[in-house]
Amino acid sequence: MKNRKFIFDNNEEPFVPKEVQALINNGLEFLDKARAELEDSKPKFSIVSFWTAVEIMLKVPLIHEHWSLVCSGRRIERSKYLAGDFQSVTYDETCQRLGDVLERPLPKETIAVFKKVKDHRNRVVHFYHSEFTDTQVKAILDEQADAWFALNRFMRDQWNNIFGGPLNSKLASDEDLMVRSSVFYSDAKFRYLKPTIDEKSKQGFSITTCTVCSKKAAFDNLFNEESGNTLHQTNCLVCGFKADPFIEVTCPVCQARQNLNGSGEKDFNCDNCNHSSSLHDLLNEWDGKLEDFSHSGLPASCCDCDGYETVCEYGGSYLCTDCLVLHESLSTCNYCGGRSTSVSEMSALVGCEFCEGNTKYLND
Ligand SMILES: [Zn+2]
Ligand SMILES: [Zn+2]
Ligand SMILES: [Zn+2]
Ligand SMILES: [Zn+2]
């Protein structure tokens, strides 16, 4: 272990030895290739590249445990392994070792979807067939998408300790790209998530059709429902799209309910009784003594939309009444003394988004 070179050496990142990282990079290149070939409508090539990526990625946990686990044959020598002159384990042996040696076998469903892709891949490589109908091509693409999704779960969930860390965001954004560019992939992800979505639906969650990926997987998350002014934040479990939030308010005079979106409207006008007040007065839940309000720092300013004094206290957090973005906390600018949702640590010098800072000092 002592001589191994680690790419990441701070404590937060997993230790990934160089040879493991090289293998991962190799697998990622084949995945990129498979994705490009899919976009170029070359499904036959894509399935070959994709399968190569699967075979590589499955070996990553083995090599991470010990390099000799990816070698087969009776004589195993480190020097030959380093020179690339060794007999590599087959796909079946790889699966077997993940279970028998590492005691973390591939899930049954994964084995099943991988098998279908492997069989198609073998047919593509070993036979000539031009007789695929459109329906068959679609079925193959569906199966490849299921396998792709299973491979992502293998990397992002089951073996997150190796593939995680700095790779995590790359894998996550690659997956978002797949969902958005391939209907086959978003279908596969939807199939995978269906039981979770059905369960949530049974629990009473409101689920709507996502405007981006068209899957019925957009969850309406309610915030601060008890207050009578409920913030709705919808996000899609399949493609991650977040719709613009809106707030369902209750008129304090006639109790009629009405939806407001974050259009920068400053006032609330009741459609039912014509009552009107500032949106800030309607939503602000600050309940200290009136004479203390000037010290509360409210209304604060929003750094998301540059709204000046648009932020009120709401549901234990802070809500911008202009853009309806929730903020966990407020900070004070050490130069102008103004409160806003994000202030630089150097504010005494550089100021905040709502002041110039110490220009005299800065210009010198
Ligand atoms: Zn979506
Ligand atoms: Zn009203
Ligand atoms: Zn805002
Ligand atoms: Zn300032």
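**Figure 1. The protein is divided into domain 1 (18-165) and domain 2 (251-363).** These bounds come from an automatic or database domain assignment. The C-alpha centres of domain 1 and domain 2 lie 52 Å apart. This is a predicted model: local features need pLDDT of at least 70, side-chain atom pairs count only at pLDDT 80 or more, and totals for chains, interfaces and linings use all residues. Residues are numbered from 1 along each chain as its sequence is written, while chains are lettered from A and ligands numbered from 1 in the order in which they are written.

**Figure 2. The whole C-alpha trace spans about 85 × 55 × 35 Å along its principal axes.** The radius of gyration (taken over C-alpha atoms) is 28 Å. A compact globule of 364 residues would come near 21 Å, by the rule of 2.2 Å times the number of residues to the power 0.38. The secondary structure comprises twelve helices and 13 strands. Helices (H or I, at least four residues) and strands (E, at least two) are DSSP runs, numbered from the N terminus. Of the 364 residues, 30% count as buried. Buried means 20 or more other C-beta atoms within 10 Å of the residue's own; exposed means 12 or fewer, and partly exposed lies in between, with C-beta atoms placed from the backbone. Among contacts with a separation of 6 or more, 42% link residues 24 or more positions apart. A contact requires C-beta atoms, placed from the backbone, within 7 Å.

**Figure 3. The largest nonpolar core has 51 residues.** Such a core is a set of buried Ala, Val, Leu, Ile, Met, Phe, Trp, Tyr and Cys residues joined through C-beta atoms within 7 Å. Val54, Met57 and Trp148 have the most contacts inside this core. Helices that each supply at least two of its residues include H1 (18-39), H2 (43-65), H5 (108-126) and H6 (134-158). H2 gives the largest share, twelve residues. Beyond four places in sequence, Val54 touches Phe114, Ala147 and Leu151. Another core, of 16 residues, lies apart from the largest one; Leu231, Ala300, Val311 and Tyr318 are among its members.

**Figure 4. Five strands form an open antiparallel sheet in the order S1-S2-S3-S4-S5.** Two strands pair if DSSP finds at least two bridges between them. S1 (207-208) and S5 (257-261) are the edge strands, each pairing on one side only. Six bridges join S2 (residues 218-223) to S3 (residues 230-236) in the antiparallel sense. Asp220 stands opposite Thr234 in S3.

**Figure 5. Asn235 sits in strand S3.** Asn235 is partly exposed because 16 other C-beta atoms lie within 10 Å. Asn235 and Phe219 are 16 residues apart in sequence, yet 5.4 Å apart in space, C-alpha to C-alpha. Leaving aside neighbours within four places in sequence, Asn235 contacts Ala218, Phe219, Gly240, Phe241 and Lys242.

**Figure 6. Strands S9 (residues 307-314) and S10 (residues 317-320) run antiparallel, joined by four bridges.** Tyr314 faces Ser317 of S10 as its opposite residue. Two residues separate the strands of this hairpin, where Gly315 takes a positive phi near 55°.

**Figure 7. S10 also pairs antiparallel with S11 (residues 326-327), through two bridges.** Tyr318 has His327 in S11 as its bridge partner. Five residues lie between the strands of the S10 and S11 hairpin. Leu324 takes a positive phi near 60° in this hairpin.

Note on methods:
Contact = placed C-beta atoms within 7 Å.
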